[in-house]
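Open the model in your viewer and keep the selection panel at hand. This tour goes from one selection to the next.

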Amino acid sequence: MKKIIIIIASVFVLFMGAAVAIPIIFKDDIKAAIDAEIAKSVNADVYFDPEKLGLSLLSNFPNITVSMEELGIIGRDEFAEDVLLAVEKFELEVNLYHLLFGDNIRISGITLTRPHIFIKVLENGKANYDIAVESETVDQDTAVTSTTMAISIDHWEIIEGKLRYDDQSIPYVMNLEGLNHIGSGDFTLDVLDMDTRTTIEKVDVMFDGVEYLSNKKLDLDMILNMDLPAMKFTFKDNTLKVNDFAVNFDGSFSMPDEGYEMDIGFTSSDNKFKSLLSLVPGVFKEGFEDSKTQGNLAFSGKVKGVYSEQQMPAFHLNLKVDEAMFRYPDLPKAVKDINVDLVLDNKDGNIDHTLIDIKKFDMDFGGNPVTAVAKIEGLSRAAIQADIHAKLDLAALNTTFPVEGLDMKGIYNLDLVADGVYDSLQGKFPSITADMSLKEGYFKYADYPIPLEKVNFVSTVKNEGGSMAGTLIQVKQLGMLLDGEEFTGDLTLKDLENYQWDAHINGNLNLEKLTRIFPLDSMQLSGLIAANIASKGKMSDLEAGRYDKIATSGTVDVRDFSFVSEVDFPQGIKIDQAKTEFDAEKIKLSSFKGKLGKSDLQLTGNISNYLNYLFKEGALIKGEMTFNSNKFDINEWMVTEGEVSEDTATYETEVVAIPKNIDFQLSANIKEVDYDNMKLKNVKGNVLIREGMVILDKVNFNTLGGAFAVNGTYDTRDTDRPAFDFDLDVANVSIQQSYMTFNTVKAFAPIAQFVNGNFSTNFALNGELGQDMMPKLGTITGSGLVNIVEAVLEKNNITNGIAGLTNLDKVNNVVAIKDLLLKTEIKDGKLNVKPFNIKLGNFNTLVSGSTGLDGSLDYELEMDIPAGSYGAKFNALVSSVTGGGNTSQNIKLPITLTQNFTDPKFVLGNAFSKDNLKEQITETAKEKLLQQITDNKGKVIKDPAVSKLVDSSSVVDTKAQLKAREDSVKKALAEQAKAKQDSLKKMADQTKKKAEDKIKNLLKFNKKN
């Protein structure tokens, strides 16, 4: 017996040790297996920490528990920045016996603790949850038969979850917070009952921009029969509770090949009015349970038919409330005599056959009755009958149905009768008579001590003929008083087909005080506006541009205005003062002084065609403005990457599309502009905004130590391919600072970083911009002259490489550049440089070639070096050509430069061939001979005959031969000169003889007569 106990204890200890050790020993293998399976089956990025991966045999024995903490799934492609799932802890319980010995995997439980789930569907229907990798098709003839394995789940649970469903294809948005859900079901069966319980602390639902549920609490108990082969789901025992309003529903929902088929009925499980009252915004709050209510409720409805993109199901809803009332426990008066009889009906699913019938709607707010009946048949062409009356003492409402934090006073009246058809396409409008007024209104918020007082208006709406043209809307005696500032106005609007208006406003508004009464979310607004504007006219005249028929005039003065939006406009705008004058044709801005973000600005000018622009889509607005600023910071309007300091901030930009219906001319004078890492000084010139382009006209500024003059365009007529076309006139700009500032210089002239000096240029440049507003270097073309008056080229890879290749003295020293003129062209992604001369060390060098967009170099160099300076071996070769003499002549040493600036490659050309040397020495000798043939005054004779004689020379090898050739050429030239002189003397003698004979003959003639 003792041995048996020892054996059993040993086995137990061994088992317990294995249970603890196995998860630790095989954790890396488990992680690798999970990663491999995810890569095979999931098209998303799955994140989890292997150190927080748990595997336990003890916590739920005989189940094995796999747990992951801080699990996350992020989508790819269009959803690359969207988190599909982030869960604090994920647990999976698997039955160990069924895993080892059964023919099915039995999952005992799945638990998600504090998950955040974000489901997103794009307008094209693509969903971020569609992340399963499609499995490859298996050939059934060759497939290996495996044991059939089914998965069954005992239960699942979500604890304190959040869910957002955003379907932009409908559009529909649902937000759930405080989600707790538990469910169970045997999914090994084709037909099963799924039993769930769900509570949600906060539900928000919006469809097509309309909010249907806001901040509602939801409870759902549901047993759903699921026929999986038929995809049919039947509600068995179900209760949905929204706040205190509970609904039982039954019926079925199925998913055929097309659409969704439904046959669902619902009815209220509680016939007390209080349950319906809980749905009213502002009512279901602390103290609701203690409120006094009475009255009966009847609520029922059904939905039957097919829902698809082309079809709607039929539906019906009844709501009745009889003799109801409610009163808050701390208020003296009740809302009573509440009676509602509402029918919503659609018999065939055609949305135009919808009926909304409010047979009765009555309630009394402490002696302030509201009564209404209304009937609407159809939606696109709606037949309307309505009769609504209300008389409310707003002060009395505070004693029955108060709005938290708001004190109200005043007498409000509404009387409305309507009968007829509303059809905007056919110009139909129901006959209507409506009168609405407010007298001595008073509104005061608890958070702001200053009330809005003396709010008065009298308004009427009339239409007797049943057409939109016969509509008349009048608002008279509009006025209000805010902390002593009075505002008044009136409006008459008629003929809704060709709007005719007559409006006038006059008064002062303190915007800060106004926003205290009507708060703005995430915005700060303040300032004083004084306006006096009158306008009268017709829309047809406005659209036709007949502004002489539109009587519009007035003034608007603004002082101490400030606006900041934390989301859309964090930089803010401030207007110290602005004064405008209106007429029908233009707005005159006589003064404007303020700040745009950190940038100060002063504006004056005119804006014309503004009325047409405001009221007619696509209409052109024109303007002429003078813009002055001491400092304008463009950087603060770019998007910063990360939370970095102002000194280290980098910026992202996007294409700024210029509207095609703006025609503005801006004359600018800005003392300083901050743009990226540049500071522009004394910016002056004209900026034209026209036809989707910004045109710069004679824009001058100083930066990088020099001066710029710019003419050109920024063209966004095709926003996918924005373009630029500029003519640049640049004077005395730092070469090194240009390299650090401009990407084009970095790409095409990397050697500029080693050149200390200034350059000037006239350069034409055009190309395309990327969506980040940076030039697409491969599209750039341009040409121009670059002039470097004086600069120094410091040691660099190029000069070091030439020195290493040639062993010539002082080549890699600092190079002095003086009066260098470069002719350049950018084409096909290359900067082409025409031949130019530069001195490397003591050697004149001819350079030409190109630099590629990819940094590639392709240059040819010819160094003019004395033949004897290159070394003994080269001297011997020269001597073999010249016969042992004249090794002091210059020869050209060719070098090819390739690869890139960081790792340049140098190759010597055919410098050491005998024929090459012979040709070079001959040419050098001829050139030297030309320079030595002078006249008797020592001046070089520049005569075609000299060049012809020299070109006929053979190779000159020695100094003696060079002297003999020089003497020969001079002798020939002397003989030619003597012959020419003798010929001229002979011609002169002949001319003299003819003249003498002519004179003698003339004298003889005179004597005879």
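A residue is called buried under 20% relative accessible area, exposed over 50%, and partly exposed in between. Keep in mind that this is a predicted model.

**Stop 1: a positive patch.** Select Lys 494, Lys 536, Lys 538 and Lys 549. Together they form a positive surface patch. Lys 538 belongs to strand 25, residues 523–538.

**Stop 2: strands 23 and 24.** Select residues 485–494 for strand 23 and residues 500–510 for strand 24. These two strands run antiparallel, joined by eight bridges. Find Leu 493: Trp 501 of strand 24 stands opposite. Next, show the hairpin of strand 23 and strand 24, with five residues between the strands. Which residue in this hairpin takes a positive phi? Select Asp 495; its phi is near 60°.

**Stop 3: on to strand 25.** Show strand 24 with strand 25. The pair is antiparallel and has 11 bridges. Pick Asn 506 and look across to Asn 532 in strand 25, which stands opposite.

**Stop 4: a nonpolar patch.** Select Met 255, Tyr 260, Tyr 307, Met 312, Ile 351 and Leu 379. They make a nonpolar surface patch of about 500 Å². Tyr 307 sits in strand 13, residues 292–307. Is Tyr 307 buried or partly exposed? Its relative accessibility is 35%, so Tyr 307 counts as partly exposed.

Notes: Residues are numbered from 1 along each chain as its sequence is written. This is a predicted model: local features need pLDDT of at least 70, side-chain atom pairs count only at pLDDT 80 or more; totals for chains, interfaces and linings use all residues. Side-chain values use heavy atoms; hydrogens and water are left out. Patches are made of residues with over 30% relative accessible area and no salt bridge: like charges are joined within 9 Å, nonpolar side chains (Val, Leu, Ile, Met, Phe, Trp, Tyr) within 5 Å. Accessible areas come from the Shrake-Rupley method with a 1.4 Å probe; for residues, only the protein chains shown count as cover. A salt bridge is a side-chain nitrogen of Lys or Arg within 4 Å of a carboxyl oxygen of Asp or Glu. Lys and Arg count as positive and Asp and Glu as negative; His and the chain ends are not counted. The place of a charge is taken as NZ of Lys, CZ of Arg, CG of Asp or CD of Glu. Helices (H or I, at least four residues) and strands (E, at least two) are DSSP runs, numbered from the N terminus. Two strands pair if DSSP finds at least two bridges between them. Buried means under 20% relative accessible area, exposed over 50%, partly exposed in between (1.4 Å probe, protein chains only).
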